[in-house]
Structure formats: structure tokens, C-alpha cells
Amino acid sequence: DGGITQSPKYLFRKEGQNVTLSCEQNLNHDAMYWYRQDPGQGLRLIYYSQIVNDFQKGDIAEGYSVSREKKESFPLTVTSAQKNPTAFYLCASSIVSGRGPYEQYFGPGTRLTVT
Amino acid sequence: AQTVTQSQPEMSVQEAETVTLSCTYDTSESNYYLFWYKQPPSRQMILVIRQEAYKQQNATENRFSVNFQKAAKSFSLKISDSQLGDTAMYFCAFMKHVIPEGAQKLVFGQGTRLTINP
């Protein structure tokens, strides 16, 4: 079955450590996205990538980094510079050509807790 | 910048009733897309329904329908014959339509927590 996988489901880290969240898709989508969800708030865009080896900052990119070496993969690194990293992180993908709308399909998410 | 507002943090109805969730948005764009996503307790985001701004006809998907009022910048979701499985957070989201085409972010509202009671 086609879909998006995120691992792990739960992740615990000590403050000051970098951590990488995995996102893989087999939908053959060109674009991939990372969103952050905090309690009582909607999702906010961290980074997105429309094509391999290219990515753009979203609204809250500070303290995060990404790479896009393969079409299927878009890992997110939460660095020690991120002041409030504890959150639920969602990865999504979409097509970017042909007739719109380019609806985004989401993975199951990773809950990151930093103490 | 676009903003999306959901003014109802929580709603609760009895099973089989009809419920309407409100959403307003602010944009200067003339062409765009609007979505409703559902997030059940599993936290998986699921697309419920979508609307293209240039289409006057309101979108419907089985028990789900929207009331799209472009001039008022309103996009409400109606759930008919509500079921226990409809219990979830519901998010309204906006996406610009740009040319040339390409990846575009979704701008989300804060969400409405809907509970369907037996």
C-alpha cells in the first residue's frame, strides 16, 4: 500500500541533543512538507521541498534543518537551537503538477519530548 | 499573509444529529483552495473535503458538505447523521493557487474538537 511512514512514533531526548525524525513516502510525490503541532494550535509549516536537493523555509524554520537527497525521503533534524522542541511533528507529501488542488497526505506523526 | 480562524474550540452533539463547524479566512488572493481535515485520537490527519474557490457549487462527500461563501470568506463544514467515529479534531485549511504551479503550504486554523455522544 502506498503511504507515508514516520518513525519513531515517540521520541525522547535530553535538552542540548540534536535529534532526527524520519519521513518516507512511496506515493511518488514530488513535494514533501514538515509541520509542527502544539496543543490548542493548528499545524505550522517548518520546511518544504518541491524537488530533490532543494528545500524552502516555512514559517517556523529556526532551530530545524532538513535534507532531500532522495525523492522518497525528507528527514527533519531538530537542533539544540530550537527553544521549544517538544511537540507533535507531522510529515506530508503532495503532487505539484497537473490539475489542482494539490492536496497533502499526512504521515502518522512523531511525538518528540525533550527534557 | 493568510489567516484561518475557527471560532468554536469545542462542540458536542448527539449521535445522528447534524452539526456545523465554522471557519473564516482572510486573504487577498482571488484563487485558492480550502480544505477540512479530520484528526481522530490516533492523530492521523485525514482529508475530509476540499473546495476550489473558483467553483460556486459547494463540495459534498457523502455525509459531509460545505457552505462556501466567497464574499464573506466563510467555509463551514456540515456533518449530517453524525456517527461516533466522527469524534475528532477538525481543522480548516487554506492553500493559495499559484502560477507557475508548485508546492504550497497549508495554513491551518486552530481546530474544533468535536465529540459525538451516544
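## First stop: the second largest pocket

The second largest pocket holds about 230 Å³ of space. Keep in mind throughout that the model is predicted. To find the pocket, select Arg50(B), Glu52(B), Lys55(B), Ala59(B) and Thr60(B), which lie nearest its centre among the 13 residues of its lining. Now colour two strands of chain B, β6 (46-52) and β7 (60-61); each of them supplies at least two residues of this lining. β6(B) gives the most, with six residues. Sorted by class, the lining of the second largest pocket comprises five nonpolar, four polar and four charged residues.

## Second stop: the largest pocket

Move on to the largest pocket, with about 290 Å³ of space. Select Gln37(A), Gln39(B), Met89(B), Phe91(B) and Arg113(B): of the 19 lining residues, these are the closest to the centre of the largest pocket. Which of the elements gives the most to the lining of the largest pocket? The answer is β10(B), with three residues. The lining of the largest pocket has eight nonpolar, seven polar and four charged residues.

The contact involves 27 residues of chain A and 24 residues of chain B. The size of an interface is often given as the accessible area lost when the parts come together. For chain A and chain B the buried area is about 2,100 Å², and carbon and sulfur atoms give 53% of that area. On chain A, select Pro101(A), Tyr102(A) and Phe106(A); they lose the most area to chain B, together 24% of what that side buries.

Next, turn to the charged pairs. How many salt bridges are found across the interface of chain A and chain B? There are two. To see a salt bridge between the chains, show the side chains of Asp59(A) and Lys105(B), where the closest N and O atoms are 2.7 Å apart. Between chain A and chain B, nine residue pairs are in polar contact. Strands β4 (31-37), β5 (43-51) and β9 (87-94) of chain A each supply at least two residues of the side that touches chain B. By class, that side of chain A has 13 nonpolar, ten polar and four charged residues.

Over all chains, the whole structure has eight salt bridges. Select Asp30(A) and Lys71(A), whose side chains meet in a salt bridge at 3.5 Å, N to O. Asp30(A) is in the loop between β3 (19-25) and β4 of chain A, and Lys71(A) is in the loop between β7 (64-66) and β8 (76-78) of chain A, so the pair ties together parts that are 41 residues apart in sequence. Side chains of opposite charge can pair when their charged atoms come close.

## Last stop: two backbone details

Most residues other than glycine have a negative phi, and most peptide bonds are trans. Zoom in on Ser7(A) and Pro8(A), which are joined by a cis peptide bond with omega of about -10 degrees. Pro8(A) sits in the loop between β1 (4-7) and β2 (10-13) of chain A. Then select Asn53(A), a residue other than glycine with a positive phi, near 65 degrees. Asn53(A) is in the loop between β5 and β6 (54-57) of chain A.

Note on methods. Residues numbered from 1 in each chain as written. Chains lettered and ligands numbered in written order. Predicted model: local features only at pLDDT ≥ 70, side-chain atom pairs only at ≥ 80, totals over all residues. Heavy atoms only, no water. Contact = heavy atoms within 4.5 Å. Buried area = accessible area lost by both parts, 1.4 Å probe. Salt bridge = Lys/Arg side-chain N within 4 Å of Asp/Glu carboxyl O. Polar contact = N/O pair within 3.5 Å; in protein donor to acceptor, adjacent residues only side chain to side chain. Helix = DSSP H or I, 4+ residues; strand = E, 2+ residues; numbered from the N terminus. Nonpolar A, V, L, I, M, F, W, Y, C, P; charged D, E, K, R; others polar. 1 Å grid on protein atoms, 1.4 Å probe; cavity = no way out; pocket = protein on both sides within 12 Å on 5 of 7 lines; lining within 4 Å. Points joined across faces, edges and corners; volume = space filled by probe spheres on them.
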